[in-house]
Amino acid sequence: MNKLLQTEFGFNEVEIKKLDGYENVNYLVASNNDKYIFKTYSIDGELHDMVMAENETLLFLQNFDEKKYPKPIQFTDGSFVKNLKIDGEKRICRMLTFIEGELFGNIKHSKELFQSFGLFLAKMDLNLHNFKNYTISARQWQWDLIYLNLNTKYIDDIPNAKDRSTVSYFFQQFEENVRPLISELRKQIIHGDANDWNVLTNKGEVSGIIDFGDLSHSLLINELAIAIAYACYDKENPIDWALIILRSYHSKLPIQENEIKVLYYLIAARLVMSVCNSAHSKKINPNNKYASVSEKSAWKMLYRLLSINPVYAEKKFRETVNLPIEKPPLIKDVIKRRHKHISPLLSLSYEKPIYMVRSAFQYMYDAYGFTFLDAYNNIPHVGHSHPKVVAAGQQQMAKLNTNTRYLYDQLSEYAEKLLSKFPASLNKVYFVNSGSAASDLAIRIAKIHTGYKKIMVMEHGYHGHTQTATDISDYKFNNPKGQGQKDHILKTQIPDTYRGKYKANDGSAGKLFAQEAIAQIENSDLPIAAFISEPVVGCGGQVPLADGYLKEIYPAIRKQGGVCISDEVQTGFGRLGDYFWGFEAHDVVPDMVIIGKPMANGHPMGAVICTNQIAESFSKGVEFFSSFGGNPVSCAIAIAVLEVIEEEKLQENAKVVGNYYKSLLFGLQKKYDCIGDVRGSGLFLGIEIVKANSLNPDPELAHYLKNELRNRNILISTDGPYNNVLKTKPPLCFTKENAKKVVDNIDQVL
Ligand code: PMP
């Protein structure tokens with residue numbers, strides 16, 4: 001190497017040190033007075049052109065400031081780039097001056113440092129503004145944010161499914177929020193990689209920048225997005241830090257409004273790009289440590305960004321660059337508008353209703369910039385706006401949507417996948433569009449199958465809003481304003497070991513409750529067509545049926561010719577942690593099951609699952625047809641939901657996080673005598689709020705807690721006959737950290 005440097009550059013007596021690099025091999029060359037970087041690359045035509053283009057850029061930048069940017073050094077023959085043999089291999093070579101300074105990533109970050117960083121970048125971008133280079137302009141590659149989608153091929157190299165979903169979410173958000181604006185955004189040549197290991201500092205200020213290997217003719221705002229992504233990715237409040245860079249950049253090179261609109265998503269996109277490439281590099285070379293230097297922090301910030309409402313981020317960015325802030329309408333006007341045509345019978349949650357605009361996994365974003373931790377909604381089962389579910393819907397909608405009277409694959413595929421989750425005897429399915437439609441249909445089928453009319457229902461049960469569903473829902477018909485109990489309804493007491501008369505949940509209470517219910521069955525004037533119940537009575541206040549209860553009731557119902565229906569609308573799809581369906585916890589197999597809510601993650605879908613025998617009886621009657629039930633779009637979405645549950649191991653997560661959540665709640669119960677009971681399993685829990693050390697419900701305190709939590713941006717609700725049970729049933733991607741946050745806040749409110 002010494003000889004080569006002497007011949008090619010006339011360097012004598014230099015010290016040479018090999019450096020770590022991402023893809024190329026570099027050497028630090030030190031002579032008495034000066035330091036240089038000798039860069040070598042594998043031969044590749046395109047790369048050769050890029051190296052030439054990079055040198056041209058660096059030479060151009062020397063016109064502005066020699067010390068900030070590396071300067072290309074000529075070979076003795078006057079060229080700047082040459083192919084030379086090194087260690088027996090011909091490589092592309094060039095020499096650059098070494099820029100002194102402490103790396104940005106190695107020094108303590110301060111406001112002054114960030115200010116100087118913004119200014120530095122703005123000056124560099126102004127310098128580059130008039131620079132043209134057609135090699136750079138023609139470049140289409142994965143490290144240019146405009147070509148973000150070139151990185152989607154690396155998603156599968158990310159080992160963890162949840163991480164894959166997080167990056168997919170941001171890929172999708174880029175397509176939704178950035179792609180449509182790209183043609184309007186300013187473009188020029190940018191450095192494109194102002195990361196913490198390429199930026200140099202001196203005395204707490206940014207003094208130089210190296211590694212121009214990512215030069216691209218890209219969006220000007222990408223320069224800033226990239227810088228912010230790396231400078232802020234280890235910060236608790238990344239937006240606050242980002243604002244410092246933004247403000248100083250803007251003071252020198254004003255940012256435009258449409259650039260501000262996309263900044264949040266571009267920052268996320270850069271992090272996504274980084275983690276995708278790290279995963280890919282790790283996969284092809286597990287020993288390449290350099291490839292993943294930024295990985296941990298990038299993941300940290302990606303997850304942190306999920307908890308930052310994009311509306312908030314844009315508002316802050318706008319304030320910083322003195323752009324007008326688009327004020328959303330006042331909440332009172334939004335409510336007024338709704339009530340103009342929508343009946344107040346459709347109630348709004350909370351004393352202060354929330355005006356939602358976006359969502360991501362376990363977070364919901366309102367129009368004013370607040371992020372809400374969703375500890376309540378069980379419908380977005382695998383997470384709000386889950387990218388796989390969204391993509392499944394978008395793609396199928398763009399292809400085909402029709403009714404079940406044509407042949408298409410999605411119907412059978414979903415039916416097979418869904419029924420594989422059930423015991424073998426439950427092998428027929430009818431698709432509808434809601435839990436109500438499912439319970440309505442289930443009752444009709446049961447009546448046709450048995451020839452009977454009487455229905456046995458559970459105290460406090462809820463099964464939907466159609467007339468039939470209301471008739472079987474004590475929660476509705478027994479309401480003071482309800483329609484009252486119809487003659488064909490037989491109501492049985494809820495086997496509740498907390499509030500009920502039998503308390504020992506070791507199977508004995510279940511038996512005793514069952515004995516009383518069986519007496520009702522035996523004394524019934526007419527035979528019972530169906531018994532319907534949830535395994536955990538949601539609207540009843542998250543009350544799990546006493547152990548052993550269903551095991552006694554089901555045979556008694558069947559003995560007199562009826563069928564047993566399990567309403568799994570709330571409890572199904574792994575929410576309970578230990579079981580995929582709630583009936584499994586009771587060691588029974590129903591004759592019919594109804595499902596809904598989480599089935600398609602919020603897309604309206606429900607189903608009745610039953611035995612072959614029941615389906616055959618039903619088939620003897622009039623044709624069954626539901627215009628929307630089981631359409632290709634619904635099925636594609638529901639398939640995606642099942643896949644996500646499996647890929648992200650969400651049932652397991654419900655169990656692990658649920659157990660942790662419950663243990664924290666038990667801790668609170670010890671501390672506060674207003675917590676009478678903590679019950680449920682997995683991510684389906686109820687917290688009974690009572691007057692100190694009694695069974696007397698305290699709905700006022702429950703109401704207060706619910707609303708105080710809302711004021712702290714946590715969504716939880718109340719239910720039960722006394723409306724004193726806090727219910728929490730979050731999306732299954734809920735984390736232990738999320739659970740702790742909820743419990744800490746309940747603690748603080750109490
Ligand atoms: N069954 C149960 C247990 C439910 O909780 C609900 C909805 N709350 C339904 C049925 C009715 O479902 P939908 O609102 O989709 O009609």
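Predicted model: local features only at pLDDT ≥ 70, side-chain atom pairs only at ≥ 80, totals over all residues.
Residues are numbered from 1 along each chain as its sequence is written, and side-chain values use heavy atoms, with hydrogens and water left out.

**View 1. The whole protein, before the close-ups.** The C-alpha trace spans about 110 × 55 × 50 Å along its principal axes, and the secondary structure comes to 23 helices and 28 strands (DSSP runs numbered from the N terminus, helices being H or I of at least four residues and strands E of at least two). Of the 750 residues, 55% are buried, a term that stands for under 20% relative accessible area with a 1.4 Å probe and protein chains only.

View 2. The surrounding residues, each with a heavy atom within 4 Å of the ligand, are Ser434, Gly435, Ser436, Tyr462, His463, Gly464, His465, Glu534, Asp567, Val569, Gln570 and Lys597. This shell divides into 2 nonpolar, 7 polar and 3 charged residues, where Ala, Val, Leu, Ile, Met, Phe, Trp, Tyr, Cys and Pro count as nonpolar, Asp, Glu, Lys and Arg as charged, and the others, Gly among them, as polar. An oxygen atom of the ligand lies 2.4 Å from an N or O atom in the side chain of Ser436, while a nitrogen atom of the ligand is 2.7 Å from an N or O atom in the side chain of Asp567, and a nitrogen atom of the ligand is 2.9 Å from such an atom in the side chain of Lys597. Taken alone the ligand exposes 390 Å², of which the protein buries 84% (Shrake-Rupley method, 1.4 Å probe).

**View 3. The hairpin of β9 and β10.** Strand β9 (residues 199-202) and strand β10 (residues 205-209) run antiparallel and are joined by 4 bridges, with Thr201 standing opposite Val206 in β10. The hairpin has 2 residues between the strands, and Lys203 takes a positive phi near 50°.

**View 4. Glu259 in helix α8.** Glu259, which lies in helix α8 (residues 257-284), is buried, with a relative accessible area of 1%. The side chain of Glu259 makes a polar contact with the side chain of Arg186 at 2.7 Å (a pair of N or O atoms within 3.5 Å, one able to donate a hydrogen and the other to accept it within protein, where residues adjacent in sequence count only if both atoms are side-chain atoms). A polar atom of the Glu259 side chain also lies 2.8 Å from the backbone nitrogen of Gln256.

Notes. Pairing = 2+ DSSP bridges. Buried < 20%, exposed > 50% of the residue type's maximum accessible area, 1.4 Å probe, protein only.
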